[in-house]
Each structure stands twice: as structure tokens, then as C-alpha cells.
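Dear colleague,

Here is the structure I said I would pass on. My notes on it follow below.

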Amino acid sequence: MQGVLNGFAVIAVVIGVGYLIGRRGHLGENGREVLTKLAFHVATPALLFTTLAQADLSVILSDRLLVTAISTFAVAGVFVAVGAVRRWGVGRTTIGALCSSYVNAGNLGIPIAVYVLGDASLVAPVLLFQQIVMTPVALTVLDLSGPGEKTSLWRRVTTPIRNPVGIGSLSGVAVSASGLTVPGPVLDPLTLIGNMSVPAVLLAFGISLCGSTMPGRGPDRTPVLLSVALKSVGQPLAAWALAAGVFGLRGAPLLDVVVTSALPAAQNLFTYASRYRVGEVLARESILLSTMVAVPVLVVVAATLS
């Protein structure tokens, strides 16, 4: 259980630093916005490129990825269906669906994979799936559903390759698929820039907590609680049912897919919500609550399936 606690402790400390920075106003009134823009337009694309450019794309053909993909679409689909019935709006529903299904495979998933599962590469299929499929699709929906002039068909089709996060992800996949090796003088600066992504996201998240109310009590109460329930309980249960009942996974492979599915919502979802100015409260409260709930959930999963 040390890996679970260590991973959450690191995240909590950095978010706490962000909260203190926000309370004392060290970065001024626009500190959160600057950090968010830095993460979205510069650091995160660099991180995704360097990560995916060196990834083994063969992992996307595994049964574990199929379990992840199906369980992800299942819980996201439930939120989308409820959002459509309740008329929460396309942008808000998209953010809520991401909070229900998009796991923190990077800054939390990697340490937990190392300490709990014994292999950091086990989160690679989830990371690849989220960055190759989920992120481009979701950001395209947010781009096209936002306010502004109607765009041409060409601009709609090319939206994923004009978005900074999409460009970073797809460029990294292209390099990996081609078998090319990125030269050190190019890769090293990108790696250094990419290393700012996680701290910037966590600090911005901490700043956003200043002056906020208790999560799950405001006007976004219903979508927040629904997304947390789907993320913390629905997704790991769906992954367990699919892995054990359909794909026949047992032992370590079963533990791997359920643990990764039980990870909380990723902090970078708040960056997306802030960038598009939609569902920001929903994203912040969903991430915070799912992260808190994930601790006992992961402990129970690890103890039950180990």
C-alpha cells in the first residue's frame, strides 16, 4: 500500500503549495490562468510528444487495452446519456464524461504502477489510448461546440491536428510508428519543457481551490456526484467484469486493469475545462472528490485481487 499512499502524498503536497500561492497572491490575479495556458499550449504537448515518441505502440493490441477502452466508453456513455436527458450542454457534458472515465495515468498512475504492480510500463496502454483517442476526440468536441463563428468543413476535420495537445500526441505517435530516433539536442529541451506540465497543472489546481466551496454542494452537485460515482466505482467494476468474465484474465493481469481503472480523474482535465471556459467547477470538484475516494478504493482493490 506504500505506493498508493506515496503517489497521493506527492500530489497533495504540490496542490497544497498551489493553494498557499493562491492565498498569498504570489503570482497575482492571473497566476492560475498563466499556469493553465503554459500547461496547455507548451508543457503538456512537449510531455506527450516525448512520452509517445519513445513508446512501444505494440501495447495497444493487448486484451488489457480492450478492457480499458470498453469500460471507458461504457462509463463515459452513461454520463453522456444522463447529460443529454438533463440538458447539461455539450461542453459541460463532455467535461463530465471525461471526469467519469479519464484516469490519472501519468503523475499518479506511474508511481502506483511501480509500487503496486511492479512495472511502470503497465500504464502505457492506458496512457496511449487516452492521448491517441480520448483527448483528440474530446478536445475536438469542445472546439466545435464552443462559442464563436461557424467554421468550415476543412477546419472541423483538421481540428485535432491544430490543437496543441493533439499535435503533441499525434506527432509523438508518428515518430514512434516510423521507428525514428529523436536526436538528443531536440529531445532534451522538449523533455525539460515537458517536465513543467505536471507541476504547472497541480499548482493551477491548488490555486483554483482558494475561495471555493465544499465540493459536491453547489449547483453542479448532481453531475459532480455522478461523475465521481462512475469514476470511482463504475469504471473499476466494469473493468473487473469485462476482464474476468469476458476476457478470462486472472491474477496479475486482472489486478493491472482494475487498478488502472480505479485511478482518479486526471488533473489535466481541469486544464481543458479552464482553457475552454466550460465545466470548470465540475472538473475541479470531480477531480478533488475522485482523488480522495480513490485512496480507499485502490487499497480495497489491491488487497482483494493481490
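The protein chain has 15 helices and zero strands. Please keep in mind that this is a predicted model. Of the 306 residues in the protein chain, 49% are buried. Counting contacts with a separation of 6 or more, 83% are between residues 24 or more positions apart. The accessible surface of the protein chain is about 14000 Å², and carbon and sulfur atoms account for 66% of that surface.

Two places gave something to report.

Val-90, Val-137 and Val-141 together make a nonpolar patch of about 230 Å². Of these residues, Val-90 belongs to helix 4, which covers residues 90-101.

Is Asn-104 buried or exposed? Its relative accessible area is 2%, and the cut-off for buried is under 20%, so Asn-104 counts as buried.

What does the side chain of Asn-104 make a polar contact with? The partner is the side chain of Gln-267, at 2.6 Å.

Regards

Definitions and conventions: Residues are numbered from 1 along each chain as its sequence is written. This is a predicted model: local features need pLDDT of at least 70, side-chain atom pairs count only at pLDDT 80 or more; totals for chains, interfaces and linings use all residues. Side-chain values use heavy atoms; hydrogens and water are left out. Patches are made of residues with over 30% relative accessible area and no salt bridge: like charges are joined within 9 Å, nonpolar side chains (Val, Leu, Ile, Met, Phe, Trp, Tyr) within 5 Å. Accessible areas come from the Shrake-Rupley method with a 1.4 Å probe; for residues, only the protein chains shown count as cover. A salt bridge is a side-chain nitrogen of Lys or Arg within 4 Å of a carboxyl oxygen of Asp or Glu. Helices (H or I, at least four residues) and strands (E, at least two) are DSSP runs, numbered from the N terminus. Buried means under 20% relative accessible area, exposed over 50%, partly exposed in between (1.4 Å probe, protein chains only). Contact means heavy atoms within 4.5 Å. A polar contact is a pair of N or O atoms within 3.5 Å; within protein, one must be able to donate a hydrogen and the other to accept it, and residues adjacent in sequence count only if both atoms are side-chain atoms.
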